[in-house]
Structures are given as structure tokens and as C-alpha cells.
Amino acid sequence: MPIFNTQEFLHQFLYDPKNPLLFNNGFFVYFFAAFISLYYAFRNNIKARNLVVTLFSLYFFYKASGYFVLLVIVSAIADYLLSNMIYREQDKRKKKLLLALSIVVNLGLLFYFKYTNFFLSFSNQFLATHINPLNILLPVGISFYTFENLSYTIDVYRGEFEPEKKFINYIVFLSFFPKLVMGPIVRAKDFLPQLRKPYELQEGDFAKGFYLIVSGLVKKLVISDYLTLNIVNYVFDAPSLHTGLECAVAVFAYAIVIYCDFSGYSDVAIGIAKWLGITIPPNFNLPYQSKSITEFWRRWHISLSAWLKDYLYIFWLGGNRKGRVRTYMNLFITMLLGGFWHGANWTFIIWGGLHGLGLAVHKIWMERAKGFIEKNEDSRIYNFFAGLLTFLFVCFCWIFFKSPDYATASIMISQIFTDFSFSVWPAFWGTYHNVIWIMLLGYALHMVPETLPGQIMERTKKLPMAAFIITFIIFLVVYAQFKSSTPVMPIYLKF
Amino acid sequence: MRQNKEVVVFTLVVTFILFCYSFFAAFLHTDVLHLKNVSILADIFYDKDRPSPAKPVIPDTVMSATDRIADEPLPGMDTGKKIFSKYLEPKILTNFSADNTKPALPRIMARLHALKAGKKGKIRVAWFGDSLVEADILSMQFRKQMQQYFGAFGVGFIPATSITSKFRITATHNWKGDWVEENFKSKDNTAPLFFSGHTFFTGNGEVTIQDNTVRDTPAVQLLEKSLICGPSKTGTISLVVDGKQKQYRADKLVNRILLDNRNSRAITVGISDSKVPVYGISMEPESGVIVDNFSFRGISGVELGKFDSSFLSTLTAEDNYDLIVLEYGANILFRPNDIDYSWYGVSMNHVLRKIKKAMPNTEILVISTADRAFMYDGQWRTARGLYNLVKVQAEIAYNSGGAFYNMFLNMGGEGTICKWAMSNPPLAKEDRIHPNYKASIVMGDMFFQSFMDEYNKAEVKKK
């Protein structure tokens, strides 16, 4: 006879570091049911509705990251005040100083939490200091909301819009729970106007949100988690114990894992936002269909690459306005810092550097081989090889992204290039055939035409409610077959 | 407005369905289509009567210990009263003797006492194992502790080439040229295999080894560097040692050719006779403890039966090994639902008879499997047959007249590897098979402590 555990029941309401609140937690079902009921109840009372969003968002963040929720509040207060001061200030020098202060506050917090120990270990290694690392926990989502804060104050400084007068709206913008912990990074000028409208969904919005949520959950919970637990983690944990074939397959599996994990989570966030009447632009657009590294970055983590382009490459480094060589350098620096944004580790710096190099080389290729490209841009063979080369380059870079350190990455590469043989295929297939099928499913889903999701959303919008409920139950049945007792945290949760 | 309602209705209906299913599933013990995996009440209800789905088989419930240990004891076995169940006692290295004052492995213990008292000599330990000890990770700590206590240094044997060379920290190992390899897994081997399970041939090879253990202990002795190889047709072999060409005798089935005995810690050897089986290089002290790591990935120990008896005899006549340590398990526990490992006991008894016959003065120590887990019903748990394998391994030790060390028990027993894989920092790899470098230091230290307890018993006995 099951016993109701009162202590566990009460514990569910508190932050548990081992089980942070994510979209796939059982607790989220209750959370969302309570939230949507209140949100709907106050659909025409914008003030009360935004208060509900704020309280639920901050509670969601507390359940995901504990008392670091205070950091979001402090950060929101600082940027709300500073942005209004920047807007009111007429003196250009003082305006600039206030902007600098906002940047220092935001980046200061980010650097303290994310990079202190990296620089301490750098100092110990290269400057022969002996400083012990500090016990600093990384607040969930800090990299995302810091960039949102920065884009907000920079846009206000540039006079692109008037800062938000109501603090509650600003805190909703910053803490909006669907995107708080892992993005997408949204821009205030797109987001804030939507908070001032009553809650009113258009025809097809429910079906769109449903499609994004279910397809996102399938990508994250079925495909990505299965591959993570059944090949990627094993091989990357000890590449020397695996053959070149296993290592190579693990890299291609990781390419699917990171895409399904992050784009899946983004899709759920965008889908939930859509259900709440808030439109957030897509964060991924079938990135492995790219035919160049430049195109890849237009399709991969779009909100981050757009942010880096607008605020780092153009605003800070000058973009392509300072000559050809400087343009290449700017691309390289942008991606190097983009890599560093992901984490305080040399592997991320190498990953970013490689992508920066790739972008610069592609730019040179575009300039030098203009005639050749124009002649061949409709050629299937050219496009196939351009796509293959881009995909292989991206996969090679993922080795550094996934490896915990440079040594692991170099062993991985060495195993692939020096210990690769198809002679182990029978044993490999015996162990990993399910993995291969799931990988093929992942790649097949990725190869669909860009227009297909839109067509599905359009065709399903008139379906009765029962059809959506049955579809969701079918999804739950499928998920139940794949669910493991080992929780797989989303990859971008640690960034 | 219909659209607004759709979201609320959908959410509340799905929540209600999930709640009802979770509620009935909890009370009726039903699990249609594994839907209990998505129960939204699982965290707040618990069922004290529900059995554990993958509880390992408890010792003595599947096989009778006395049946198997009744095999004919090997020559040299202590005939005093023995208690087999001592294999279940923690923190000891046992020879199963009922007399707790008698040390396990008495011969090597006596030699160690003599060494400590100042008598010169080499005490050799051959540490056999699978991927759990590759790159020297567990033997490294034992060697370090032994050499710190008894003096001396030297990494011991390094095979001519190795897939683990990049991450072996006790030696820096590089090679050039074309090498042909025969090993435990290859068919139609043309020369006897060395303890490492490998034989190499090269007509243009060069190997460079730097011994990194010298940094761990003060360099009070010279470091002997020897090439271990098979016979040459002419009875001699031409080698280029640190750039200088020299002729050496190589007329025995196995030859230990001293290349250098200065205090430098590195050597480069060039070999150009593709007919001579080359095994590796040994870096060892003139006197002291030498621990050779003979790890071979993916084996169970049964492969040791492939050693050529006359080769073993020649090797023993040249350099006797005082102790053979056998540490296997992960590749025996390769199927999650296996529980009967009697086949392994039978096979290993044959292997050890052969080894003991060729190496009568060598003692044997069996180290049990470490904890290893499989996924049962979506949960990582200790392998079902693990207790039984430990018992079979204890029987192998018992029958060989050697000693036994229960690694599984001493590392923490059931569930340890799962805890280690999830700890922060992790102590085991994600595969729940391999303890990592950090854990191997702890495991090596614990083993050394138990070994020294026996050493100390031997001292008491002497007095």
C-alpha cells in the first residue's frame, strides 16, 4: 500500500539542487496548470496578469536555481534604474558613463560567477601564483539574462526605444520563465510591447504552440537523452577505451544530441510563450542543412549569433567598417568571445576560435571565388559537398565543445584518425544498433524541408481538442519507454 | 476567445488524466506501457512492499562454496586449517588461514623483510589486469607506496608500443617505425607471448621511454634499462642505444639485455631485426621492489593460459617473479543477467596450475572484481551476478594456495560505482565500470595498507 510522504510533498515546493525545475519535471505539470489558470483568469487585467507572470517566473527560477533568484531581481533593479537614467541624461559623456556602469555591473557579475576560477587557475599556471580556487556556484541562466540586460541598456543608449516605465514589465521581460534559464535571448523592443496587450490568441496559435512543445520534448527527451546516455557520455568520458569507429559515431551522435537538446528546449520555450500570447522568434532553423559556416551561424542559436553580431561585432568591434583585415580579425574575436561565453574553459575558446577562423576563411573564399560560386550555386554536387564540408567542420569543432579538457579532445581526435577500422563493425552494430536507429531518426527529422513544420501547424489548427489530447498521451507513452532514471540535464543549463 | 480557452482546457484535462493515472497506478501497482515512468505522484508516494527489481543474488543462495573449493589443492598450498568465508571480511588480504597470526603470501613477505633489513635483491611483482588497470593506474599507487617504503624506483616493464601510452603518467613513451604486433587476440602467433600479452616485430623501429617514477622517490640508485626480447637466429642482436650501435647476446627463449645502468631516466633503442620478437623495455632499480603492469584491455584472465610453458620456465630462471597479482572482472561480468560463473573458476584453475608448474616459487594473489553496474529497468544497479563472481574468484585464490583481496567489498560494496560516477568530482567513468584516476589512488592506498598488515604480521612471526 503506497504511503503519502508528507515530508516529500512539502519538499517538492523547495529548491532541490539535484532536481532543478525543468519543463519535463512532474512538478512542472502542476506549476503550469496553476499558472495558466490564473493567467487566463486575469487575461484582461494586464497589471494583475503581469504580476502573476512575475511571481510564477521568480518562483520557477527559485526552483531551478535556488536563492540566485535574488540576483535576477538585483540585476533587474540595477538595469531598470540605469536605463531610465541613460534615457533622461542629455550630456553625452555622462550617458556613456552610465552605459559603461551598466556594462561593468552586468559583466562584473558574469565574470565573478563564471570566470573567477578560470583566471585564478590561469594565474596559478602561468604566473606561478598559488591562489586557491573559490567555491563559486554558477547561477543558472546568468549568461542569458546578462546579455538581455546588456542589449536593453545599449539599445536605450542608442535611442532605439524608450525605456520601460513600469518596473514590473521590466522584470517580466527579464524573468519570463519559459526563456529564463536557457534562452532564447530576447530583445526588449520585440518583447515588451507584447506585455501591454490583453491575452488573446489567434487562430492556429494553440496548434503552433502544441507542435513546438511536443516536437521539442521529443527532440530533447527521446532523441537527445537516449543518445547522451547510450553512447555520447560513455565515449567522451573515456575515449581511449573506445575504437576510432565508436569515437567517430559518438561525435556524429553528439551533433544530434546538442541540436535536439538545445533546439528542443528552445522550441518548448517558444511554444509555451506562444500559448501565452507572446511571440519569440525561432532560435534554430535546421542548422545542419547549411552550406557554409556563415549560413550555419544564421541557423544555429540564432538569438545568440544575432546578439553577438549586433552588440559585439558591429557595436563594439566595428564590424566590416574598418578594412578587410580588421573584418577578418573582428569575426575571429567575436567567435572567440562567443566561445568563451559558453564556459570558462580552454576547450570553448578553441571551439569559438575554430568557428571564427572558419567564418574568416569563408569570407575570403566568398571574395576570391565569387565567379566560381555564382556559376555553381545551383549545382547539386557543389551544394552537396559544401554542405558536407560544413557539417564535418561543425562536427569536428563539437569535439572541443563536448570534451571536458584539451587532453580528452586530443585523444578523441587521435582515436578517430589512428584507430579507425570498419573491421569492428559487427561488434559495434551488436552493441549500438538502437543508437544508430535513433541517430538516423534524428538526422531524418533534421533533413525535412523547411516548410514542413509550417504545413503541419496549418493543417492541425482545425483539429478537435480530443486529437491534441490523444496526441499528447501518445507522446507520453513513447517518452515512458525511453525515460531513464538518470536525469539528463539540458546542455545549455550550465552556460 | 476560443483559442485562449484551448490552452487552459488542454492543460487542465491532461493534468487531470495524468493525475488520475498516477493515482491508480500507485494504488493498484499497475504499470501499463511503463507509464509509471511519467507518474506525477511518484515523488510523494512510496511503497515499502515493492521489491527491488534488480537485487543482486545473495552469496550462498546459488552455488555451494564447498563443492567448488574441494578441487585438488595445488602444490605448495598451506595445509593448515582454512576458513573460506574469510573472503567476505573487509580490509584484509587473506590466505584463508584460520590462524590470524599467519601472514598471507609468506614468501614475498619474508623477502621484503630481508630487503628492509638491508639485503640486496630484486623483488618482482607482475600485476595482471584488464582495462581497469591499464595505463598503470592502480599498480602505480601500489608501486609508489612500496618503493617509498622499501626504497628504489623504476616504472618496471613497458611494452614496445601501447595504446595507453598517451595517458600513462608513470612513463613517457614514444615509438617510431613500422611495428607488427601479435597478442592474446591474434591468431597463429609466431612467437611466445610475453606477460604483457604482446609480441612485437620491427625492422626499422625505435622506442623512447622516460621513467617518470624517478621524480617520486630520491634517486639514490642507478636505473637499469633492459630490453626484453626473444632469440635471434644468429644468437646476437644489433641495437642502437641512445644513438650508439652495439651488439648484444640474444640466444635464449627470452633475453633480458641490459642496455644502460646509469642514473639517466630515459633511453632510446633502435631495432632493425624484424625476425626477433621484441617485448619491451624494463626500467628498474639495481635492488628493490619492481612492479610490472601487465594490463590487456578486454580480457578475463583466461587468456593467460596461452603462455608457453617453456617460455615461462626460461623467464623464471632468468628473473623470478615473487608475486603474480590477478585483477580481472569487468569482462567476465559482460552480460547483465549472468549469475553463474563456475565456468570461469574451472578455466582459471587450469591456467593457474600451468603457471604454478612453470613458476613454482611464485605466489599468487587474486583481487576480486571491482563493482560494476548495468541498467536494470531504467536504473543503474550493481551487476546481478557480482557477488557470485567474487565468490568464484575467492575459490580460485583458495585453490591456488594463494591469497585473496576483496576489491568489491573494500571499495564500498554494492552501488559504489554508481555513487562514484555521479559524485562531484566523479570517481568513476560514466560506464559504471571503470573507476577513474582519483579513485585508483584511493583503491591503491587501501590495497597497500592491507598488504602491509600482512607484512607486519610476518615481522611479528619472525620475532
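This note goes through a predicted model of a complex point by point, from confidence to chain contact, domains and sheets.

1. **Conventions.** Residues are numbered from 1 along each chain as its sequence is written, while chains are lettered from A and ligands numbered from 1 in the order in which they are written. The model is predicted: local features need pLDDT of at least 70, side-chain atom pairs count only at pLDDT 80 or more, and totals for chains, interfaces and linings use all residues.

2. **Confidence.** The predictor gives the complex an ipTM of 0.90 and a pTM of 0.79. pLDDT is the predictor's confidence in each residue, from 0 to 100. For chain B its mean is 87, and 90% of the residues reach 70 or more. A contact means that the C-beta atoms of two residues, placed from the backbone, lie within 7 Å. Where pLDDT is low, the predicted coordinates should not be read in detail.

3. **Contact between the chains.** Chain A puts 43 residues into the contact and chain B puts in 39. On the chain A side, the elements giving two or more residues are strand 1 (3-4), helix 1 (6-11), helix 2 (26-41), helix 10 (205-237) and helix 21 (465-482). Helices (H or I, at least four residues) and strands (E, at least two) are DSSP runs, numbered from the N terminus. Helix 21 of chain A gives the most, with nine residues. By class, this side of chain A has 25 nonpolar, eleven polar and seven charged residues. Ala, Val, Leu, Ile, Met, Phe, Trp, Tyr, Cys and Pro count as nonpolar, Asp, Glu, Lys and Arg as charged, and the others, Gly among them, as polar.

4. **Domains of chain A.** Chain A splits into domain 1 (17-195) and domain 2 (205-494). Such bounds come from an automatic or database domain assignment. The C-alpha centres of the two domains of chain A lie 25 Å apart. In the contact, 25 residues of domain 1 of chain A meet 25 residues of domain 2 of chain A. On the domain 1 side, helix 5 (92-126), helix 6 (142-157) and helix 8 (177-180) of chain A each supply at least two residues. Helix 6 of chain A gives the most, with five. That side of domain 1 of chain A has 16 nonpolar, seven polar and two charged residues.

5. **Chain B overall.** Chain B has ten helices and 20 strands. Its C-alpha trace spans about 95 × 60 × 45 Å along the principal axes. Of the 463 residues of chain B, 44% count as buried (20 or more other C-beta atoms within 10 Å of the residue's own; exposed means 12 or fewer, partly exposed in between; C-beta atoms placed from the backbone). Among contacts in chain B between residues at least 6 apart in sequence, 77% join residues at least 24 apart.

6. **Domains of chain B.** The assignment gives domain 1 (1-50), domain 2 (57-152 + 287-463) and domain 3 (158-286) of chain B. The C-alpha centres of domain 1 and domain 3 of chain B lie 65 Å apart.

7. **The six-stranded sheet.** Six strands of chain B form an open sheet in the order 2-20-17-16-3-15, with mixed pairing. Strand 2 (93-94) and strand 15 (288-295) of chain B stand at the edges with a single partner strand each, so one side of each is left without a neighbour in the sheet. Strands pair if DSSP finds at least two bridges between them. Strand 16 (323-327) and strand 17 (363-367) of chain B pair in the parallel sense over five bridges. There, Val325(B) stands opposite Leu365(B).

8. Helix 3 (106-116) of chain B lies across strand 3 (122-129), strand 16 and strand 17 of chain B, at about 135 degrees to strand 3. Helix 7 (386-400) of chain B lies across strand 17 and strand 20 (403-405), at about 170 degrees to strand 17. Axes are lines fitted to C-alpha atoms, for helices over the stretch in contact, and angles run from 0 to 180 degrees between N-to-C directions.

9. **Strand 13 of chain B.** Strand 13 (266-271) pairs antiparallel with strand 8 (205-211) of chain B over six bridges. Thr208(B) stands opposite Thr268(B). Strand 10 (236-241) of chain B also runs antiparallel to strand 13, joined by three bridges. Here Val240(B) stands opposite Gly270(B).

10. **Lys144(B).** This residue is in helix 4 (139-150) of chain B. Lys144(B) is buried, because 20 other C-beta atoms lie within 10 Å. Lys144(B) and Ala250(B) are 106 residues apart in sequence and 32 Å apart in space, C-alpha to C-alpha.
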